[in-house]
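Reader: I am new to reading protein structures. Could we go through this one together, a question at a time?

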There are 2 protein chains.
Amino acid sequence: MSTAISPPAGVGVIGLGSMGRGVAQSLLKAGFTVHGYDVHDAALQQLAQAGGMPAASPAEMARHAEAVVILVVNAEQTESVLFGKEGAAAALPRGAAVICSATVAPDYAAQLGARLQEMGLLMIDAPVSGGAAKAATGELTVMGSGSAQAFERCQQVLDAIAARVYRLGDTAGQGSRVKMINQLLAGVHIAAAAEAMAWGIKAGVDPQTLYDVISQSAGNSWMFENRVPHILDGDYAPRSAVNIFVKDLRIVLDAAHRAAFPLPLTAAAHQMFLMAASAGLGAEDDAAVVKIFPGVDLPHPAAGTNGTGTGA
Amino acid sequence: MSTAISPPAGVGVIGLGSMGRGVAQSLLKAGFTVHGYDVHDAALQQLAQAGGMPAASPAEMARHAEAVVILVVNAEQTESVLFGKEGAAAALPRGAAVICSATVAPDYAAQLGARLQEMGLLMIDAPVSGGAAKAATGELTVMGSGSAQAFERCQQVLDAIAARVYRLGDTAGQGSRVKMINQLLAGVHIAAAAEAMAWGIKAGVDPQTLYDVISQSAGNSWMFENRVPHILDGDYAPRSAVNIFVKDLRIVLDAAHRAAFPLPLTAAAHQMFLMAASAGLGAEDDAAVVKIFPGVDLPHPAAGTNGTGTGA
């Protein structure tokens, strides 16, 4: 069972949201037979139109799959689709590989790896970075950990969905640990970009000029460069929503709390995302955290656009 | 008086620390006659050895200068060298230009521009970014504002010291406003890099791996990429000291406070730098803010190095 899973082998995708949809497309393009499951019928219909095989349950999907990529939003959903009613884990053939790409607590990922191993399944702890755009083009970054056997089996699957695959250790949990630190920084940097733009505009600086100068200076971050254009365009259609960072920073804070470790900036940023969610902005783009600052004349969408963007 | 100041005209530099020393070198290299002033004799001797003319007071220096670049650390020192005992302002020839490059509150910069104008002097509000390394090579970034006449007069002076000169408006204060936002982000990002590395190491991630992955991912920032290597090397020789951000974030917070504007992340980051300063780390490199996190096994300097680095 340690030979590589190659097209046209069956590969399952659980969770066909903006990330899972892109991953399914990339797998189809690479020639795999893609079986998909999602709780939303519309997502299943979209998969069928793209050439994939919709399944009525995770279990039904699993029977046809040598590997499953899980792209649900958190540990609770991961648990449910693997071990809940009509779950995938018991239905997968022995030696199949579970590629867990939801952002979950590192301890949960480690435990999951041990449980799947007891069932004769392989696991790659494989959180991803890059967003919906990179998912659609098969250019995600995978922060992976797992056995050499699991990586060998899944090499062509990973190659189909990712431009860069980090191997961060031999056991599940190590990938999720690095992803957790990435999310900590991503969340703090989005909140910092919002705070900086809000105060800059309030202080009378032209927002476009501020963006042009800072993005070429020592104050720049990946997130500043990527998210501030949403503020400049007045476009808060969700590429990644405020609620994602409400959730992800909570995962980081909980993990640190269990180790009695202080994270002052993460805690402050989390409060800012909560403030945005509590103001009804949870489903807007995460750049909408800028709206928590009162009395700031934020840029409006250009005339002729509806301000909801493409959602791409 | 609106013709450009050209070599070998006299240009003054006040404040010959790591930034001013580099600026003086760049001006000498461009062929200007450089008159310098600093409160430290050693800095004056170094200037003389480099080919510059040390002065006994700002006033003495000013008599020989058509333009003066001020590279002291804050508004108090700027005020003192211009208007204190033996200050430069009254001694400068009419039509001379004052290039104010200390990080100061935007309101102070605006008032200073008006006061100098009343004395028949030009001013460029010209805070810089790039650090000692870029100062030495004449490649600073200038976030400038001031009259067209001032920029015309100083074009060759600015060209000698900067790779990039932003013109952010016609009046003093506008440059300092943009610099303030840059410092806000720079300070928050250094503190965030420290928080992320501390928690990552505590959680069991290899620090070098963490740096390699994050610096290629969405969690990256200019400061993460630049400062984390100091942590990896265990090298806290000050390229820029903790105390600089104790000072600069205070300037940001004070300006926002005067406008009754909240800056939650800036305030949290400032507390972290204060905690580092209060632990006796104020003169160490700003990356030493990572040391405020207890129980973290930070990397040690490699054997055979003394851990104090080059200070470059």
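Predicted model: local features only at pLDDT ≥ 70, side-chain atom pairs only at ≥ 80, totals over all residues.

Reader: Let's start with a pair of charged side chains. In which helix do D254(B) and R250(B) both lie?

Author: The side chains of D254(B) and R250(B) form a salt bridge, with 3.2 Å from N to O. The two residues are 4 apart in the chain, about one turn of the helix. The helix that holds both, spanning residues 242-258 of chain B, is α11.

Reader: Is D254(B) buried, partly exposed or exposed?

Author: Buried means under 20% relative accessible area and exposed means over 50%. D254(B) has 30% relative accessibility, so this residue falls in between.

Reader: How many residues apart are R153(A) and E66(A)?

Author: These two also form a salt bridge, their closest N and O atoms being 3.9 Å apart. R153(A) sits in helix α7 (residues 148-161), while E66(A) is in the loop between α3 and β4 of chain A. The pair thus links distant parts of the chain, and the separation is 87 residues.

Reader: Now the two chains. How many salt bridges does the rule find across the interface of chain B and chain A?

Author: Over all chains, the count comes to 16 salt bridges. Between the chains, there are 11 residue pairs in polar contact. For salt bridges across the interface of chain B and chain A, the number is 0.

Reader: Which element gives the largest share of the side of chain B that touches chain A?

Author: In chain B, 56 residues are in contact with 56 residues of chain A. Elements giving two or more residues to this side of chain B include β9, α9 and α12. The largest share is 19 residues, and they come from α8(B).

Reader: How many residues on that side of chain B are nonpolar?

Author: The chains bury about 4600 Å² between them, 77% of it on carbon and sulfur atoms. W199(B), F261(B) and L265(B) supply 17% of the area that chain B buries against chain A, more than any other three residues. On the side of chain B that touches chain A, 11 residues are polar and 5 charged, while the nonpolar ones number 40.

Methods
Residues numbered from 1 in each chain as written. Chains lettered and ligands numbered in written order. Heavy atoms only, no water. Salt bridge = Lys/Arg side-chain N within 4 Å of Asp/Glu carboxyl O. Buried < 20%, exposed > 50% of the residue type's maximum accessible area, 1.4 Å probe, protein only. Contact = heavy atoms within 4.5 Å. Buried area = accessible area lost by both parts, 1.4 Å probe. Polar contact = N/O pair within 3.5 Å; in protein donor to acceptor, adjacent residues only side chain to side chain. Nonpolar A, V, L, I, M, F, W, Y, C, P; charged D, E, K, R; others polar.
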